Structure formats: C-alpha cells, structure tokens
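User: I would like to go through this protein and learn what stands behind the terms used for it. Please show it to me.

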Amino acid sequence: MNPRRKKRLTIVLAIVLGLGASIGLLLFALQQNIDLFYTPTELVNGKGKDEIKPEVGQRLRIGGLVLPGTVERSQTSLQVSFKLSDAGGGIVTINFEGILPDLFREGQGIVAQGELANATTVNAFEVLAKHDEEYMPQEVAEALEGMEHFKPEYTEAQLKGSGH
C-alpha cells in the first residue's frame, strides 16, 4: 500500500471512529433524560404485549384521574399524596412535595413526572393538571377512554370562598 492511500485510510478511519464515539456519547447522555409515559394500569400490569414494567428508580410520566377522597396533605410540610386511576382499573399512589397547580382537584385528569419508588408508588417532582375539558394528551385520552369524569363535590364553605 502506498503512503498516499495509507494516509487517506487513516483519515477516514479517524473520522468514522470519531463520529461513532460522538453518537455513542450523545445517546448515553440522552438516555438519562427519556421519560416514558405510563397509565396506572400499564404501570401495575406492564406495558405492551410483553407486559414490560419499569424498574424501581426509573424516571417516568404517568397520567390518569385523581381518585376522589384520596388526597392527603401533610399539616407540617408541602407533602401531598393521592391515588391515580384509569379506565383499566389500575391504581397508583403519587407522592409529591411542592405546590400543586391551581387546577388540581379530585376527579381531575393529571400528568405526573417522577421516579418509580416501588411497583405502585411514584415520587413525583412535577404535577400538571388538565387545563380545560377540551384538551387532553393523546396517551391520557386513550387511557381514560370510557371512564366518567368525576364531578367534584364542594362544601358550603368552599362555595362561599375565603371571604377576601
């Protein structure tokens, strides 16, 4: 092999190896930012025909309806716990520490983003409430198909407001 061909081959190999290493590092970095969407039933029973379940510690998004009577708020902190369900009957507990969106209420559709703590518990770092009756993410709409929207029941004090 003459020196000119050897030099060209070396340059081509260096470019291919550099490009391969760059793509590999990019995919590795992005892997930590991918959040798969699950419904409560998919989280409990597994997703897809292979019934693949997420691993404890995996980041994910989960969407469904907040079950009435399940919202528990801590008296000493911003810790909130509630149960989420969908048309498939799966029930998952969501733990969240922070201020919930203004539109959050029992019977309302939400999407929570967080980390799987155990098979049926998600420690959320973000909770998004559905903003109106018309719009819903496609995955959540498919998961809730056939379920009735829970109508919130307010006490007389809640209907009157805080008086400010």
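**Terms and values**

Analyst: In the protein chain, 58% of the contacts with a separation of 6 or more join residues 24 or more positions apart. A contact means heavy atoms within 4.5 Å. The model is predicted, so local features need pLDDT of at least 70, side-chain atom pairs count only at pLDDT 80 or more, and totals for chains, interfaces and linings use all residues. Residues are numbered from 1 along each chain as its sequence is written, and side-chain values use heavy atoms, with hydrogens and water left out.

User: How many helices and strands does the protein chain have, and what makes a run count as one?

Analyst: There are four helices and seven strands. Both are DSSP runs numbered from the N terminus: a helix is H or I with at least four residues, a strand is E with at least two. From the N terminus on, the order is α-β-α-β-β-β-β-β-β-α-α.

User: Why is G107 called buried?

Analyst: Buried means under 20% relative accessible area, exposed means over 50%, and partly exposed lies in between (1.4 Å probe, protein chains only). The relative accessible area of G107 is 0%, so G107 is buried. G107 sits in the loop between β5 and β6. Its C-alpha atom is 5.0 Å from that of V66, although the two are 41 residues apart along the chain.

User: Is T70 buried or exposed?

Analyst: T70 has a relative accessible area of 14%, which is under 20%, so T70 is buried. T70 lies in the loop between β2 and β3 (72–73). Leaving aside neighbours within four places in sequence, T70 is in contact with S81, F82, K83 and E106. The side chain of T70 also reaches the backbone oxygen of L67 at 2.6 Å.

User: What makes a set of residues a nonpolar core, and which residues have the most contacts inside the largest one?

Analyst: A nonpolar core is a set of buried Ala, Val, Leu, Ile, Met, Phe, Trp, Tyr and Cys residues joined through side-chain atoms within 4.5 Å. The largest has 20 residues, and those with the most contacts inside it are L43, I62, F82, I94, F104, I110 and V127. At least two residues of this core come from each of β2 (59–66), β4 (79–85), β5 (91–97), β6 (109–118) and β7 (121–129). A second, separate core has five residues, including F37, L65, V111 and L144.

User: Which residues is V127 in contact with, leaving aside its neighbours within four places in sequence?

Analyst: V127 is in contact with F96, L100, P101, F104, I110, V111 and A112.

Note on methods
A polar contact is a pair of N or O atoms within 3.5 Å; within protein, one must be able to donate a hydrogen and the other to accept it, and residues adjacent in sequence count only if both atoms are side-chain atoms.
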